[in-house]
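Please keep the sequence and the 3D view open while reading.

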Amino acid sequence: MEPITLTTRRLLLRPFGPRDTYRVHAACQDPDIQRWTVIPSPYRLTDAELFTAKLAPAGWRDDSAYSFALVLPETGTLVGALGIDRRSRPGTYEVGYWSTKEHRGRGYVTEAVLGSARWAFTALRADRLEWRAEIGNVASRAVALRAGFQLEGDQRSGLLNKGVRRDAWTAALLPSDLRLPGAHPYLPERHAERPGGAPDSGR
C-alpha cells in the first residue's frame, strides 16, 4: 500500500520517515516507553534510524504494518506514535501506541486510535482491531477503554518483551462499536457457556 496521511481534529497521522529519526530517538529515551513497549532498551540512535528509514516504510510496502507519526499540524511537533499490524487471522489487526512524555494527558493518543480504527475498518476492511498490553500498563489500558475497546480477559504469556514472556491484558474494537459496517456479517453468541458454567444472559 502507498503510505497515506490521516487527519483528526487536532492531529496529522503521517508515515514515519528519516526526518523523524532524532525526534523518535529523543522520545524513546523515556523510561516508561522503554519499560512498557517492545522497543530496544537502551534505545540507540541506530535503532531509531532502523525504524524510521527501513522498518516503517517496509511495513507499508508489504502491507504488514502501518506506522504513523502523530504530529501537531501547526508546528509538526511529534506527540506520539501508532502502528496497526496485520495479524494472521483474516480481517484481524492489532494496534499499538506510545506518547511523548510532555504531551500525555491531553487525549491525543485516544484521538489517534479512533481515527486509525475508522481507517482500518473502512480502507483495510478490518473486522476486528485488537489491543494487548502487559498487565500493569494502566496508561495504555485507559487509552484503549476511552477509545471504546472492550476488555476480553487476561492472556498468560501473551506478550514477549525484551526476551521475557509476560502476561497481557487483551481487548478488541469492532466496526459496530463505531457504528460502521463490517466486511462480514457478525452474529454474536448471546447464550454461550461462560467460565464458571453460567450461561450468558445476553444482558
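Predicted model: local features only at pLDDT ≥ 70, side-chain atom pairs only at ≥ 80, totals over all residues.

Within helix H3, the residues Asp47, Ala48, Thr52, Ala56, Gly59 and Trp60 are buried.

Helix H3 runs over residues 45–61 and holds 17 residues. At 1.5 Å a residue it should span 24 Å, and its end C-alpha atoms are 24 Å apart, so the two values agree. The helix also bends, by about 40°, at Phe51.

**Helix H4**

Of the 15 residues of H4, 13 are buried, so the helix is largely enclosed by the rest of the structure.

**The chain as a whole**

The secondary structure comes to five helices and eight strands. Along the sequence these elements follow the pattern β-β-α-α-α-β-β-β-α-β-α-β-β. The radius of gyration of the chain is 17 Å, close to the 17 Å that the globule rule gives for 203 residues, so the chain is as compact as a globular protein of that length. The C-alpha trace spans about 55 × 35 × 35 Å along its principal axes.

Of the 203 residues, 44% count as buried. Among contacts with a separation of 6 or more, 57% come from residues 24 or more positions apart. The chain exposes about 11,400 Å², and carbon and sulfur atoms supply 53% of that area.

**Salt bridges**

How many salt bridges does the structure hold? There are twelve.

| Pair | Distance, N to O |
|---|---|
| Arg87 and Glu94 | 3.4 Å |
| Glu130 and Arg89 | 2.9 Å |
| Glu130 and Arg128 | 2.8 Å |

In the pair of Arg87 and Glu94, Arg87 is partly exposed, with a relative accessible area of 31%. Glu94 has 11% relative accessibility and counts as buried, because the cut-off for buried is under 20%.

Glu130 forms a salt bridge with Arg89. Why does this pair tie together parts that are apart in sequence? Glu130 lies in strand S6 (residues 128–134), while Arg89 lies in the loop between strand S4 (78–86) and strand S5 (92–99), so the pair ties together parts that are 41 residues apart in sequence. Glu130 is buried, with a relative accessible area of 12%, whereas Arg89 counts as partly exposed at 42%.

Glu130 also meets Arg128 in a salt bridge. Arg128 counts as partly exposed, at 23% relative accessibility. A network of salt bridges links Arg89, Arg128 and Glu130 with one further residue, Glu152.

**Two single residues**

Is Ser99 buried or exposed? Ser99, which has its place in strand S5, counts as buried at 14% relative accessibility. Leaving aside residues up to four places away in sequence, Ser99 touches Ile33, Val79, Gly80, Arg104 and Val109.

Pro31 lies in helix H2 (residues 31–36) and counts as exposed, with 58% relative accessibility. Between Pro31 and Lys101 there are 9.8 Å in space, C-alpha to C-alpha, although the two are 70 residues apart in sequence.

Terms used: Residues numbered from 1 in each chain as written. Heavy atoms only, no water. Helix = DSSP H or I, 4+ residues; strand = E, 2+ residues; numbered from the N terminus. Expected span 1.5 Å × (residues − 1). Bend = angle between axes of the 7 residues up to and from the residue. Buried < 20%, exposed > 50% of the residue type's maximum accessible area, 1.4 Å probe, protein only. Salt bridge = Lys/Arg side-chain N within 4 Å of Asp/Glu carboxyl O. Contact = heavy atoms within 4.5 Å. Rg over C-alpha atoms; globule rule 2.2 N^0.38 Å. Areas by Shrake-Rupley, 256 points an atom, 1.4 Å probe, with all protein chains shown as cover.
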